Amino acid sequence: MHNHDILIRLRYALDIKNKDMVEIFKLGDIDVTREEVMQMLTKPKDGFDDEYEDDVDEDGINCNNTMLESFLNGLIIFKRGKQEPKPNQPESVALAPRNKESMNNILLKKLKIALSLTSEDVIDILDEAGVMITKGELSAILRKVGHRNYKECGDKYARNFLKGLAYKYRG
């Protein structure tokens, strides 16, 4: 699934307004205007290539992995509030390049945190979208890359999780 598809589906599922999208990006340390957000939410005619690195295209703005992860971090802050740093802990953690971890895994992990969902909630949301997943499979998807039981989250789970969120939050 492309990042702009994830943004479009997430915006719809959680009924996020345009001004809130700009604020969420700002909370994730990315400054964008409302017009740039609208361009990101526009499906390109030819589609974006996964390796597309330029920020602007004549059809819209490409939302790369760093921008999407920053948006998800901003969504956590938007929904749950800014976490106060603990003593002897750096104030902000820089985004680490994630070559091996799927954006779908990151999406599920960060949405689970942002929406304060339990594993049972995630399973119920997927079930509502017509996908059965066991607690063990979900645990494998939520694990850290490199763990022996880590499993990459496929587009099927990510797409249906966003679909289930739409059912849950939009009725």
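Among the 46 residues of the largest nonpolar core in this predicted model, those touching the most other members are L7, L10, F71, L111, F161 and L165. Such a core is a set of buried Ala, Val, Leu, Ile, Met, Phe, Trp, Tyr and Cys residues joined through side-chain atoms within 4.5 Å, where buried means under 20% relative accessible area, exposed over 50% and partly exposed in between, with a 1.4 Å probe and protein chains only. Two or more residues of this core come from each of α1 (3–14), α2 (18–27), α3 (34–40), α4 (65–80), α5 (103–114), α6 (119–128), α7 (135–142) and α8 (155–170). Once its neighbours within four places in sequence are set aside, F161 is in contact (heavy atoms within 4.5 Å) with L108, L111, L117, V122, I125 and L126.

Residues are numbered from 1 along each chain as its sequence is written. Because the model is predicted, local features need pLDDT of at least 70 and side-chain atom pairs count only at pLDDT 80 or more, whereas totals for chains, interfaces and linings use all residues; side-chain values use heavy atoms, leaving out hydrogens and water.

Turning to the overall fold, the protein chain holds eight helices and two strands, taken as DSSP runs (H or I, at least four residues, for helices; E, at least two, for strands) and numbered from the N terminus. Their order along the sequence is α-α-α-β-β-α-α-α-α-α. Of the chain's 171 residues, 41% count as buried. Among contacts between residues at least 6 apart in sequence, 68% join residues at least 24 apart.

The partners are F25 and F71, in a tilted arrangement with 4.9 Å centre to centre and 50° between the planes. Since F25 lies in helix α2 and F71 in helix α4, the pair ties together parts that are 46 residues apart in sequence. Both F25 and F71 are buried.

How values were computed. Rings of Phe, Tyr and Trp (its six-membered ring) pair if their centres lie within 6.5 Å; planes under 30 degrees apart count as stacked, over 60 as edge-to-face and the rest as tilted.
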